Amino acid sequence: MHLATASTAFAAPSLANKSPAKVDIQTVEVKMKSITKKFEKSDWKNSNTLDEIAKMLDDVETRIARIKEKDKDWDTSSFETFFSESSAKWKKASEEVNATRGEAQLDLERRARFTTIGDRHGAAIQAGLMALDGQVRGALGHVREDMEAILALPALAEECEDRQYPTIQKYYEDEGRAKQPKVVCELAGNHQKVAETYVSLAAKARLEDQLKVDQEALTALEQHGALSSVWLARFKDPAAHVRQVASEFAELTASVGVTLGAEHFKPLETQAKKFKEVLAAASRVDRFPKAWSTSDAKLNGSVSGQVKSFGGTLAKLRTSGTMMVEKNDLGIPLAQSTRGAALVRVASDGGFCRLYDDVGFSGTYKGGGTYAPLSYSSGIEDEFKVTVCSK
């Protein structure tokens, strides 16, 4: 485009001096010079300069109209050509600047949304990265949490596509991996592969975790005689224990479509077979506390009622013989209590007795120095100790 310069548009001063539109003509000529100089600057395409040019062009347009009104014989064609070409040049530059500014603003908005992505998809990102790093957790509760997070990756992939997070990767090159849009969105985009990888790793971690937990239970039984109704049921039927662990895992991961081999959790059964030997040794040890020798037949009834609920029969009950008094802040008695140990037979256990060695008994204060009769208050729980059925 050939832009008419201010010098080619100027009329002879003597003629302008005789025109009734003299002030407007001379002002337009000055504005045209100023605009031409601004266009000649190397950095004129910035918002401040463009604003200045826009104001001067508005003034030029207004004065051209006034010149035509005040002096109909004055030739304004050169002014109008300058205005038209300058306005076109200004408009093109403004669109370029606005486009750049708009993209920058959009990038900032995208970045702002991405920096809060952890609030929306933090668990999914963490679980996905754990799968990529091969650091998957094996506890059943953790597998449940991580699986739920992995299944949320498709939603993250949609967000990445809608909000175009990868376009702002340049802002994150020097930051931690988990914060980078490229890594996060590639992770989400490959959600099916990530899910398959996760299930394979989680199956291995799940087996290792359960083997560890089972071994800890066996060790507690061997060293302290400690057992519980839950572990007793698991170890008495190792095959059923394996089926339960496999079923729980399959239920959590079924949607991914990864199928485990039938033998994957078989090592649990092999390890559980040690239980019979360990249990037999534990059942030959007399763990009933000898120091607790006080017998009180009045307490038998309340304990018998408790153990009857799981098929138990009270074989022996002894207390410490020491009575403790609970008082409030004012020193007024509230209750008296004592501790004891109960030896319990359960027919289905076969060959050993359960020892509950922290059984509590209490009786509330009735006033006048008297208390209600002692009765069972606590201690018959799921956990117990395996011991010989001594008299």
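**Exercise 1. Into which domains is the protein chain divided?**

Solution. This is a predicted model, in which local features need pLDDT of at least 70 and side-chain atom pairs count only at pLDDT 80 or more, while totals for chains, interfaces and linings use all residues. Residues are numbered from 1 along each chain as its sequence is written, and side-chain values use heavy atoms, with hydrogens and water left out. With bounds that come from an automatic or database domain assignment, the chain is divided into domain 1 (21-103), domain 2 (208-281) and domain 3 (297-387).

**Exercise 2. Describe the interface of domain 2 and domain 3.**

Solution. Begin with the distance: the C-alpha centres of domain 2 and domain 3 lie 33 Å apart. The contact (heavy atoms within 4.5 Å) takes eleven residues from domain 2 and nine residues from domain 3.

Next, take the buried area, which is the accessible area (1.4 Å probe) that two parts lose on being put together, summed over both. Between domain 2 and domain 3 this area is about 760 Å², and carbon and sulfur atoms give 54% of it.

Then look at the pairs across the interface. Zero salt bridges are found there, a salt bridge being a side-chain nitrogen of Lys or Arg within 4 Å of a carboxyl oxygen of Asp or Glu.

Finally, ask which element gives the most to the side of domain 2 that touches domain 3. Helix H11 does, with four residues; helices are DSSP runs (H or I) of at least four residues, numbered from the N terminus.

**Exercise 3. Find which cysteines a disulfide joins, and where they lie.**

Solution. A disulfide is a pair of cysteine sulfur atoms within 2.5 Å, and a search of the whole structure finds two. One of them joins Cys-160 to Cys-185, with an S to S distance of 2.2 Å. The angle about its S-S bond is -85°, and the link of Cys-160 and Cys-185 is left-handed. Because Cys-160 lies in helix H8 (residues 153-163) and Cys-185 in helix H9 (residues 181-189), the pair ties together parts that are 25 residues apart in sequence.

Definitions and conventions. Helices (H or I, at least four residues) and strands (E, at least two) are DSSP runs, numbered from the N terminus.
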